[in-house]
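Have a look at the structure first, then work through the steps.

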Amino acid sequence: MTKTIVVCGYGGGISNAVARRFGAEGFRVALVARNRQKVDQAARELGEAGIEARGFACDLADPTAVTGLVEQVRETLGPVTVLHWNAHATSAGDLVTCSVDELRAAFDVAATGMVVALQTALPDMRGQEGAALLVTGGGFALPDPNIDATIVRLGAMGLGLAKANQHKLVGMLNKRLAGEGIYVGEVMVLGSVKGTAFDHGQATLEPSAIAERFWEIYQQRSVWFVKIG
């Protein structure tokens, strides 16, 4: 049976590389972002590389929209095998002054949307060989005073808090679903990635190298997170 990966929070960096890496292994690819034009163009480019891909527009902070997204992918490309959660929000940069809505948005993108997507895809994943949830993590999640100082300086407090929450969530889901044959794992990215919004000319990490780490942990299914960078 052909497998399908849903790449949530698509962009030109890590998620594009993951889409290409899994697509090269025969996966159908669903590309998800708010901008329909962007994902449709990316799907065409993947198609030119011989990968079956479709674009889907969705606000990944909206639980109802996320449920509908997974159902639409299922109808269009077949049962979901892998969810790749690459989405993040930069809202609530200063937790002292941010609004409640800004704070909720950071959590909804990092955690709520991911849980809803997983719950909706579970009927497909259960009993399917190779089922997995793969998450792009970040060094902002680590409990380190120097990292905390950097987060504050960059005005990324909401992102740091959301990433820490997400990291804990991945660990718990890994334990919860292991007995059902569903792998949950995270690649924690420690540094700037070339070709992304965080690349200001000094990025050192190649998206393709990160995608390869995702493929490795997906194949090995033995550790719940690895670091790169």
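**Exercise 1.** Find where R213 and E216 lie, and say how their side chains meet.

*Solution.* Start with the contact: R213 and E216 form a salt bridge, 3.3 Å from N to O. The term means a side-chain nitrogen of Lys or Arg within 4 Å of a carboxyl oxygen of Asp or Glu. Next, place the residues: both are in helix 7 (residues 207-220), three residues apart, about one turn of the helix. Helices (H or I, at least four residues) and strands (E, at least two) are DSSP runs, numbered from the N terminus. This is a predicted model, where local features need pLDDT of at least 70, side-chain atom pairs count only at pLDDT 80 or more, and totals for chains, interfaces and linings use all residues. Residues are numbered from 1 along each chain as its sequence is written, and side-chain values use heavy atoms, leaving out hydrogens and water.

**Exercise 2.** Which parts does the pair of E52 and R28 tie together?

*Solution.* First, the closest N and O atoms of this salt bridge are 3.2 Å apart. Then locate the partners: E52 sits in the loop between helix 2 (36-48) and strand 3 (53-57), and R28 in strand 2 (residues 28-33), so the pair joins parts 24 residues apart in sequence.

**Exercise 3.** Is R34 buried or exposed?

*Solution.* Recall the cut-offs: buried is under 20% relative accessible area, exposed over 50%, partly exposed in between (1.4 Å probe, protein chains only). At 66%, R34 is exposed. Its salt-bridge partner is D59, and D59 is partly exposed at 30%.
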